[in-house]
Amino acid sequence: MVEVHLAVKKLQEKFPSSILEVTSFRGEVNVVLPKKDLFEICRFLYLDPDLQYHMLTDLCGVDYFPQTPRFEVVYLLYSFKLNQRLRLKTKVGEGESVVSVESIWKAANWLEREVYDLYGISFENHPDLRRILLWDGYEGHPLRKDFPVEGPDFDKPFVPEV
Amino acid sequence: MAETRLMTINMGPQHPATHGVLRLVLELDGEIIVKATPHIGHLHRGVEKLAEARTYHQIIPLTDRLDYTNAMGNNLAYVLAVEKLLGIEVPKRAQYLRVMMAELQRLAAHLIWLGTHALDIGAMTLLFYNFREREEILRIFEEVAGGRLTPTYLRIGGVAKDLPEGIEGKIRSFVNAFPDHMKEYETLLTKNVIWLKRTKGVGIISKEDAINWGVTGPTLRGSGVKWDVRKAFPYSSYDEFEFDIPTGSTGDVYDRYYVRLREMEWSNSIVRQALDRLPKGPIMADDPKVALPPKEMVLTDIASLIRHFKIVSEGITPPRGEVYASVEASKGELGFYIVSDGSNRPLRMRIRPPSFLNLSALPKMIEGGLIADVISAIGSIDIVLGEIDR
């Protein structure tokens with residue numbers, strides 16, 4: 001726990017106005033950030049010699065529909081040096097975009113494509129933002145809460161144009 | 001003036017060496033790969049979406065079908081996440097049974113990998129040896145859980161049932177015989193000249209790149225990073241077992257092969273340790289809100305009958321919050337991130353699949369190499385499309 005506080009403490013010293021909320025549940029630390037400062041903070045966490053969050057373990061979206069802003073993008077970082085995880089979260093509204101962290105962690109390349117595919121959140125400066133699991137031309141974003149589980153067109157036959 | 005042009009070749013999705021339905025588009029300059037683009041999603045079933053419409057117990061069978069060679073490990077990752085969310089403690093015997101089954105499953109998964117990887121490169125005998133041993137493991141699973149490929153053996157708070165009569169002897173005879181089988185595999189490959197030529201110096205990924213691309217599991221350890229979730233964040237009493245983390249040095253196909261073989265030896269040793277020290281006691285957490293009452297109680301006691309009905313029909317309601325729990329699956333770090341809004345279904349269940357990120361680093365390994373080496377590089381990262389596409 002002490003090590004996680006180190007990251008949070010450093011962030012609060014360096015970016016006092018950017019740390020909106022720090023919560024802890026079952027020993028996991030969540031830091032909520034505004035999306036405009038996300039890239040700067042990620043780069044700081046990656047480069048800082050005491051922290052060295054060199055691995056982006058996971059990046060995913062969460063839909064809190066009907067709240068506004070409805071989406072949250074969640075980053076799970078891991079530092080080999082501290083053997084600690086840190087979760088960053090940022091709120092994103094419908095139609096808004098987030099700055100890509102692909103230039104810091106290459107792992108974000110496919111993970112951001114997946115969020116784009118399944119939630120429709122776009123990422124600025126991403127080198128190759130295409131759908132990844134679904135095919136090009138698919139309409140809708142399945143992990144949104146207003147997307148029906150059985151699909152919008154489950155009773156219609158799918159005939160692709162040839 | 002001769003004109004040089006790049007040639008584009010499509011590989012897959014129906015290709016035996018892509019281990020499922022992976023499609024690769026390769027741009028070639030002669031035999032050299034200039035650019036490789038993987039296309040995935042052919043096996044997308046929407047498991048994360050389906051999970052949002054199911055109660056916590058109903059999700060366990062879905063997890064079997066992610067990486068279908070490592071069902072016990074997937075179950076384990078999921079139930080650990082839910083248990084963390086609920087804040088319940090699992091009895092020691094159940095923890096040891098989980099470790100034993102997860103390690104047997106790791107052996108089975110690595111045996112499939114070894115057989116198919118060697119087959120891709122042209123060594124056919126291995127496949128028959130490996131499936132012979134894997135069959136024994138699946139028979140053990142069948143007796144323990146009732147299922148072979150998708151056992152669904154783990155439950156939130158413990159395991160489905162205790163070991164059946166006489167199974168311990170069978171597991172022990174398997175564990176005792178396995179080191180000799182390992183020797184058979186190694187005689188065929190480890191110093192085989194053809195094998196060395198096809199795997200040494202092929203598909204290299206450096207330590208720094210592997211970390212930056214989010215690579216985990218034997219693929220990361222092959223690059224020389226001594227990191228394993230079982231050691232970094234011990235779960236299910238792994239801190240009470242003695243084992244080492246094998247690592248490679250150059251990060252080529254051979255290193256990944258060698259790391260997995262050493263890992264199989266340690267897995268075998270962990271199964272033996274679990275068998276030797278298996279504690280006595282209950283196999284389910286003593287929490288009436290989570291665990292089903294015993295069957296005889298349901299048939300004789302009205303309160304137990306009501307409790308059984310409530311748990312089965314309504315499910316369990318964890319507190320509001322979000323947790324991430326991960327295990328070292330056979331392919332790497334498999335994690336579940338669950339967001340609960342306090343209802344009986346998860347608001348969000350994110351699966352962090354190891355193969356997804358390992359595969360995203362594949363172009364890094366094969367670009368600049370020969371087209372013939374693509375096959376051995378794909379085999380060496382041991383992907384399963386079931387968990388990449390989910």
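Reader: Where in chain A does A:R26 lie?
Author: A:R26 sits in the loop between β1 (21-25) and β2 (28-33) of chain A. Helices and strands are DSSP runs, numbered from the N terminus (helices are H or I with at least four residues, strands are E with at least two). Before we go on, two notes on reading. This is a predicted model, in which local features need pLDDT of at least 70, side-chain atom pairs count only at pLDDT 80 or more, and totals for chains, interfaces and linings use all residues. Residues are numbered from 1 along each chain as its sequence is written, chains are lettered from A and ligands numbered from 1 in the order written, and side-chain values use heavy atoms, without hydrogens and water.

Reader: What is the phi of A:R26?
Author: Phi is near 50° there, a positive value in a residue other than glycine.

Reader: Is A:R26 buried, exposed or partly exposed, and why?
Author: Start with the cut-offs. Buried means under 20% relative accessible area, exposed means over 50%, and partly exposed is in between (1.4 Å probe, protein chains only). A:R26 counts as partly exposed because its relative accessibility is 36%.

Reader: Why is helix α16 of chain B called largely enclosed?
Author: Count its buried residues. In α16 (residues 372-381), 9 of the 10 residues are buried, so the rest of the structure largely encloses the helix. Among the buried ones are B:V374, B:I375, B:I378 and B:I381.

Reader: Which peptide bond has omega of about 5°?
Author: The one joining A:F65 and A:P66, a cis bond. A:P66 is in the loop between β3 (55-63) and β4 (71-79) of chain A. There is also a cis bond from A:T68 to A:P69, with omega near -10°. A:P69 is likewise placed in the loop between β3 and β4 of chain A.

Reader: With which side chain does the side chain of B:T152 make a polar contact?
Author: First, the rule. A polar contact is a pair of N or O atoms within 3.5 Å; within protein, one must be able to donate a hydrogen and the other to accept it, and residues adjacent in sequence count only if both atoms are side-chain atoms. Here the partner is the side chain of B:D64, at 2.6 Å. B:T152 lies in the loop between α5 (125-145) and β4 (154-155) of chain B. B:T152 is buried, because its relative accessible area is 19%.

Reader: Which residues is B:T152 in contact with, leaving aside neighbours within four places in sequence?
Author: Contact means heavy atoms within 4.5 Å. On that rule, B:T152 touches B:I60, B:P61, B:D64 and B:N75.

Reader: How many helices and strands does chain B have?
Author: Chain B has 17 helices and 8 strands. Of its 390 residues, 61% count as buried. Its C-alpha trace spans about 90 × 45 × 35 Å along the principal axes. Take contacts in chain B between residues at least 6 apart in sequence: 70% of them join residues at least 24 apart.
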